[in-house]
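Subject: Structure handover

Hello,

Please find the structure below. My notes on what was found in it come after.

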Amino acid sequence: MSSPDVIDHEMEETQLIDLEGLHFPPDEGLPSGHTLPDVLRDARRFHAGDPSVVSSMSTDLLPAVMHTLRRPELIRTDYPLVLLPCGKVQPLVEFFIEIIAKIENSKVLSDNLVRVERQVREGLKTVADAAKVIGSAGSKVGDMLALNEKADHDFRTKGAELVQSIPKGTILVPCTSVAGPAVALHIIEAQTRGNHLRDSVIKMRDALKSMNSREPAVEASGIDSSKLQTVLGKTTSGSVPMDESRTKRVKATIKTIEAWLTNSDSPLYVVTSSFADDISVPHSATKVKAGDSLCNKAIETFDELAQRYAQLFGAMRTARLELANAYESPRHDHLLENFCRKCFSDAEFDLMPKVVAVGSVQDGLANMASLSTILRSARPVTLLLLGDDLATLDHERIELAYLAVAHRKCFATQVSIAHPSHLVDSIKSGIDSVRPTLHTIASEDTHPLGAWLEGNAAIEGRACPLLRYDPSQGLTWAERFDLVDNPQTEHDWPIWTGEIDNQKLELSFTFAHCAMLTTNLQQYFMQLPDGVTSSDLLPIEQWLHLSLDESATVLPYLWAADADGAIHKLVVARVVTDVCRERLDYWNTLQELAGIDNSYVEQAIQEEREILDTAFATERETLASKHATEIESLRTTASQVAMQQLAEVLLGGGGGFVNPLVSASAPTIAPVANGTIATPTEAGEEVATEESATTEPEDTGSGDLGEAWIDSPLCTTCNDCMDVNAQVFVYNEDKQAYIKDASAGTYEEMVRAAEACPARCIHPGGPLNPSEPNLDELKKRAADFI
Amino acid sequence: MFGLKQDWSLDVLPRYFTLDDYESSVPRWCAGCGDHGILTTVQRICRDKQLLPEKTVCVSGIGCSSRFPHYMSTYGFHGLHGRAFPVACGIKSRRPDLDVWVATGDGDCCSIGAGHWVHAVRYNMDMVAILFDNNVYALTKKQSSPTSQIGQSTNTHPKGAPLPPLNPSTTTLSITNCSFVAQTVDWNPVHMHETLKAAHEHKGFSFVRIFQRCPVFSEECFAEAQTDPDLVQLVEHDNGLQVSESGTRIYKNRRTHDPSDLVQAMAVSNQTDVLPIGLLYQNETMPIYNEYSSVGINSTPEDKINALNHQLDRFAI
């Protein structure tokens, strides 16, 4: 069976994929009563959305490249994720590798950890204690394996050791919609534990109190410090009692600090919309329910905290100045009286409790004004907005992350639970940026294939491209914006190369492939009878490159595999291809922002190319004109010479017979070694030289054999001449030999190459070096190749 | 692709086998017999590869080494003298899904079983044939075998075997369709493990000659080589066996040999002053007979009748 996208050329820049298990179904022809035009007519009507033609797609079909992933329970993903108390997040398999390395003589256990891993994955439905889950899974595996007594003992003993070595408080997170908030809150909460603000505040208060307590003691001694200083002289150091206003300020500062110390703020405030009310938050966090006003509540929560912390940070700054004896009333009074969050340093923001708002993308869209307020403000509030419409056919979907990027000053990402390393990196970078942060988290988990495959299909099919915008990274787009972790970012769609039935096949993964995974969108795909081939059918990735006019006459299809591995063509309805175009447009926009296929660069290249082309064309014309003139001149001279000589012969004139062909055409037949063409004057001189040679027989070097040259079009590219001397003989762009530099070798080599050449297209001419030995013999040999 | 790493498959059996699971009764070989080490090595390979015991078959003929199947907790067939190969070929022919190991001695294989040996090599069925070469008939108390050395005193030749020994490796190499020949010594388990592992991974008939000590009836045969590593020649190549340093560091006498070179393989294995160990020859392109003999094994009687009818219907009388 052949198909239009079966390719036989060397494919570049694509990635190989194992398509084992796939095959073309036997070509059994069209169903009886159907002709190819009938099939294509129905397909066109289906594509156009004619409701009378219904989808006939088998329910077991998957995009061909996903055939091997048909059983999600047999796929090792990065999940469950292990959240360690130290804040570290790692895949279970990596956690096992690290932990098993510390347990000695654990071969039976380590060999079976893959089974434990699988058992954990199958049993884990929500966030749970790691030791408990792993211990339970281990027991089940032990029971299932029914090992002999010794092995069973080893397995269980070492298993218990493994469980004991899991740090208390370690939790496991499954690949479900809870993963995004769980991972983010875990990382943020762990980061707040490094916050030692309270200790610093207490130290500061104590120092202030100590300073303040020294004052009454001095006064009680009855000694006037200022008078004492007068007596002792200005050069003598000594303390001066604080003035009344300063004492008052210090006391007020202590009071402010102590007031703050009586409060017990949580290190983390998690504001949740109704959508996220059920999420679990870390023990140390305070949950704030926001109902439908997620962003407003987040602002409110943050501002309340900021107001309180403004008093503290103001007091701390005052204390620091006082302790350093650097407080200057006229300068600092005004500054500290109006101290608010806008005056906070990054370090002070960092010391504040964190405010994280968790909701859905819909929550963000419903509160656009307040969302925008957060993103353009200096409030380092973190927004986690979960999206589950990965393969929607909504043309008007608002890309919140893209919208957030337009605010320029905020940290914005599009992440996915299906790519946890990107998720973790983004969360950490968001914290480090100390800016308003928006993470839109793709987290659909209702698909039968599971959240991992669904999420990754959305990434592969550009339905949900990952992006990260971090203004902290620099001033240019190249520094701030990246598409890292998207597959094959240089392409419109990821392209995979594999073999089916010994035929190379190039398979893309488009939005349509992603859409066909969604049950309620499968009605937009129609399975064609096996064996249908027509120039009216085009793989969808190629079809999408056609203009709207061109695509009107051709039908897009994609390859899908059934449970047995047979692959079939599915025609894609226009309602899906329209979204494909929209997704491609969005992806191309992101590519440009990331510097991939940037249109400005392409334009600049095109403009530069046109300038160069024009210049080259002009130069070509000039040279051609000059060449034509020279040719015409030569032709005229040659015919004059020929006529003159002919006249001399016929009239019996002196000078003897001169072959007019040799004398007139020599400059054109035998190219001069340096590539120039003999001018008419030179031709005349050669005639004169030849005439004079009859009177002066002395050998002048090349003599009458002319110069070496190769009849390049006859060259068979055998390498024989290059084996003789690769400096003299080189290939031209047609890979046929020519003489690049005759002086780079000896005459002997030239003759030997001529003798070796099977095409006999090398003409060695005469020797360049008259002192080379055996010239007489060599010239004799060379004479055979004139 | 799809965020998956190379080791993405969790398609594992719900069973796990330890070394014990491949052990059967206690071997009754003499103390110090090289057969013990060979047995353990095979069991380790089975364990490491988690071969299903019920899908593994050990076949043997007659001799000390041919007790091998008794000590493996897999399926086994202790055959007649010299008849290990026809039985093994019969098994593989119709059950290509089984892992077949053949244990045969220098007498069993190279004398009475020589005819079957030749054809088993030519059939090139996917199995591992281990030749336990101790240069003597030991089970029957020391008679000369085809590989007995000149002058080796046995009960059949008390004054010493008069003929030069048959070389099983050169013989195997000379047989049409030969695809894998290696040699190792039973006293170097590291090397032996890698040799047998490579043999098992080879697609086709893997012939491994193991120089095997018999401490009772032919002790003198390999005693010197065991104590003087220079009498062993390590055959190595990038395409050969990759044995860890621990198994090779004692060998100073080394020879580079490309295992795709059949002529040189003959020269290497034909040396008489040293024991060459390593991969002598490998060619995975040779036809494998069980791929032909097993065609249609899943056909039902109805399938066969239908196929027959289909063919007969093409003829008109």
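**Cavities**

Searching the whole structure turns up seven cavities of 30 Å³ or more. A cavity here is a set of points, on a 1 Å grid over the protein atoms alone, where a 1.4 Å probe fits but cannot get out; a pocket is an open set with protein on both sides within 12 Å along at least five of seven lines; and lining residues have an atom within 4 Å of a point. Grid points are joined across faces, edges and corners, and a volume is the space filled by probe spheres set on the points.

This is a predicted model, in which local features need pLDDT of at least 70 and side-chain atom pairs count only at pLDDT 80 or more, while totals for chains, interfaces and linings use all residues. Residues are numbered from 1 along each chain as its sequence is written, chains are lettered from A and ligands numbered from 1 in the order in which they are written, and side-chain values use heavy atoms, with hydrogens and water left out.

The largest cavity has a volume of about 160 Å³. It is lined by 16 residues, and A:Lys354, A:Pro380, A:Thr382, A:Ile431 and A:Val434 are the closest to its centre. Helix 12 (346–351), strand 9 (354–360) and helix 16 (420–433) of chain A each supply at least two residues of this lining; helices (H or I, at least four residues) and strands (E, at least two) are DSSP runs, numbered from the N terminus. Strand 9 of chain A gives the most, with three residues. The lining of the largest cavity comprises ten nonpolar, three polar and three charged residues. In this classification Ala, Val, Leu, Ile, Met, Phe, Trp, Tyr, Cys and Pro count as nonpolar, Asp, Glu, Lys and Arg as charged, and the others, Gly among them, as polar.

**Second largest pocket**

The second largest pocket holds about 530 Å³ of space. Its lining has 23 residues, with B:Gln149, B:Gln271, B:Thr272, B:Val274 and B:Leu275 nearest the centre. Strand 8 (205–211), helix 7 (219–227) and strand 11 (275–282) of chain B each give two or more residues to that lining. The largest share, five residues, is from helix 7 of chain B. By class, the lining of the second largest pocket has ten nonpolar, nine polar and four charged residues.

**Contact between the chains**

Chain A puts 33 residues into the contact and chain B 21 residues, contact meaning heavy atoms within 4.5 Å. The two chains bury about 2,200 Å² between them, 62% of it on carbon and sulfur atoms. A:Leu74, A:Arg76 and A:Arg115 lose the most area on the chain A side, together 25% of what that side buries. Buried area is the accessible area (1.4 Å probe) that two parts lose on being put together, summed over both.

There are two salt bridges between chain A and chain B, each a side-chain nitrogen of Lys or Arg within 4 Å of a carboxyl oxygen of Asp or Glu. A:Arg76 forms a salt bridge with B:Asp7, with the closest N and O atoms 3.0 Å apart.

On the side of chain A that touches chain B, helix 3 (107–123), helix 4 (130–145), helix 5 (149–164) and helix 17 (450–460) of chain A each supply at least two residues. Helix 3 of chain A has the largest share, nine residues. That side of chain A divides into 17 nonpolar, five polar and eleven charged residues.

**Backbone**

A:Tyr79 and A:Pro80 are joined by a cis peptide bond, with omega about -5 degrees. A:Pro80 is in the loop between strand 2 (62–63) and strand 3 (81–83) of chain A.

A:Arg408, a residue other than glycine, has a positive phi near 65 degrees. A:Arg408 is in the loop between helix 15 (400–405) and strand 11 (411–416) of chain A.

Regards
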